[in-house]
Amino acid sequence: MREKSKTHVTLIILVLTILGLFLANRYLDAYKIRIINLSGIYVTLGLSMNLINGMTGMFSLGHAGFMAIGAYTVGILTMPVSMKQMNFFMQPIVPFLANVEWGFLPALLAAGLIAALFGVLIGAPVLRLTDDYLAIATLGFAEIIRVVFTNTQSLTNGALGLKGIPNYTNTWWSWGVALVTMWFISFLMKGTYGKAFLAIREDEVAARAMGINLFKHKVMSFSFGCFFAGVAGGLMAALLGTIDPNMFRITLTFNILLIVVLGGLGKIGGTVIAAVVVTVMMEALRFLDESIDLGLVQIKGIPGMRMVVFSIILIFVVIVREKGFLKRTKGRELTYVKN
Amino acid sequence: MGDVSIFLQHLTNGISLGSLYALIAIGYTMVYGILRLINFAHGDIFMLGVYLTFYGVIYTPLPWWLVFILAPLLTGFIGILLEKVAYKPLRGSARITILISAIGASFLLQNLGIVIFGGRPRAFPVPQLLNHVIKLGGVSINVVTFIIPAVSILLLIGLTYFTTKTKTGLAMRALSKDYETASLMGIDINRIISITFFMGSFLAAIGGILWGSRYPQLMPLMGAMPGLKSFIAAVVGGIGNITGAVIGGFILGLGEIMLVAFLPRLSGYRDAFAFVLLIIILLVKPSGLMGNKVTEKV
């Protein structure tokens, strides 16, 4: 009975999404479509980070790095050969990639898989660190990836970035991937693996005592998260058409973290709503940064004000909802002051 | 002969950068020692210190040396305020929660910096006394390169005296050893935490002034990188340990300068050096060079 009604809810959501996208594509202008695309991508990003941070309880701040890997994979693989020659005028591109031109789907899958591979390579050594050490190590890795991409001229075109990536991303792609992510993560969390992730989040020691292989499950959750981060990075690259290493600074991770915190750590529905709300707000609050001309009065925008508002929201939410979220992780092991 | 003088030049540069990292790292290590919290906003406190000095020197009639003392004191109070607003309401809750709040505070300060000070880079008003080049046996060195380590060492001696000989310092060490027991012994936790934040921020601001005298370009985001690197210095040395923070700072500063000097091909990877070092240390000796071994209690 309960299973059945859940299937109904899923179906209704699916139909509504398709209908909504259809109507949106028909009646909205390019700017609004772009926001819808971004929302879809941020849903994927928020969910993938929530899988790592909220559901498995590992505090990772490396998302921007894995997105960068995905974005560059898609950028390099899908870019037409002639465009590559124009981009790489400082140094020619490495020969084995020079004549590659893939379709979007295989490129997206490659983006996810390469990001996941890096997730395993990076995760295997650092995931035994806890809390803040893990946060700073993953942040470090994201930063290293960015620095490496800035310096590998013949692979990523260095600081110049890539221009003219084909704009494959449309609302069907961005929301299709978002729905697949949603489905996959809820499917994962229903099964044994999901239960193991939650157990690790609640209490690592107890989980280990119950026979859960900590290492295996942590690396698994981390690389799944990285896979979707890579795919989302690829979607982002094909949406914007232009990428450079400086896009993937910690600010990007901060935006995703904001979504995860607002949506609730470990919550799928909340993350989806928060992703849409934050993306729309990011655009809606743009007036804070830019001057608006109202004819008679001119309101002078202050650059940076938007992020000030968002930072205040983040701190406020964390402080206010402190009782509500993470309630179950409030064990002795995880508290602020460890004895 | 030429090689030796070039090496000496790099060495002095490395030492002065290292002592800057050390000054900032102390703030991280002291706060972590007591609260087990990475104060992500520490790098931005450093930035505030530099900007306050900048405005003090340019817009007030006060002599520069007085501003160089007043600005760090003011920064210290901002540090106390930061703790009261962003961290105190969360005391006793999950560590991830507080870490998120710290990241939020860091972004708040950075963007407030952009809003208030503007995004354009400014030039730090370096006093003439600190900014002239002297020649020492064929090596020409800016005098500030010597002043930085000298000031740092003086402050370190002061800090060591404070933490080992005074009653407040004793309370601080007690809190970092065992928070719960120490609080049962009648130590006023709020006062000690405020003092810790004050001192950390004060030292960061001094580090900021010296940093500005060495690299006189101010930007609202200037605190992010030195902040992260100094945190790494604190971890490398063993977080919670002041001597460790200093050693870590020197390792990082010297390593960075030497990497650029002797492997110019890798100079683009300068910013990655610190992170590679961090990851190696975390894997080989997670408690840092001087840290106590942490045993997991079940």
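Modeller: Let us begin with angles: axes are lines fitted to C-alpha atoms, for helices over the stretch in contact, and angles run from 0 to 180 degrees between N-to-C directions. Helices (H or I, at least four residues) and strands (E, at least two) are DSSP runs, numbered from the N terminus. This is a predicted model, in which local features need pLDDT of at least 70 and side-chain atom pairs count only at pLDDT 80 or more, while totals for chains, interfaces and linings use all residues. Residues are numbered from 1 along each chain as its sequence is written, and chains are lettered from A and ligands numbered from 1 in the order in which they are written.

Biologist: At what angle do helix 10 and helix 12 of chain A pack?

Modeller: Angles under 35 degrees count as roughly parallel, over 145 as roughly antiparallel, 65 to 115 as roughly perpendicular and the rest as oblique. Helix 10 (residues 192–202) of chain A meets helix 12 (residues 214–240) of chain A at about 105°, with the axes 10 Å apart, so helix 10 of chain A is roughly perpendicular to helix 12 of chain A. Contact means that C-beta atoms, placed from the backbone, lie within 7 Å; the residues involved include Tyr193(A) and Phe197(A) of helix 10 of chain A, and Leu214(A) and Met220(A) of helix 12 of chain A.

Biologist: How do helix 3 and helix 8 of chain B cross?

Modeller: The axes of helix 3 (residues 64–87) of chain B and helix 8 (residues 189–214) of chain B come within 7 Å and cross at roughly 140°, and the two helices are therefore oblique to each other. Among the residues making this contact are Phe68(B) and Gly76(B) of helix 3 of chain B, and Phe197(B) and Ala205(B) of helix 8 of chain B. By class (Ala, Val, Leu, Ile, Met, Phe, Trp, Tyr, Cys and Pro count as nonpolar, Asp, Glu, Lys and Arg as charged, and the others, Gly among them, as polar), the contact residues divide into 14 nonpolar, six polar and one charged.

Biologist: How many residues does each chain give to the contact between the chains?

Modeller: Chain A gives 43 residues and chain B gives 43 residues. On the side of chain A, the elements that give two or more residues are helix 6 (104–126), helix 7 (131–151), helix 13 and helix 15 (305–320), and the largest share, 13 residues, comes from helix 7 of chain A. That side of chain A divides into 29 nonpolar, eight polar and six charged residues.

Definitions and conventions. Two residues are in contact if their C-beta atoms, placed from the backbone, lie within 7 Å.
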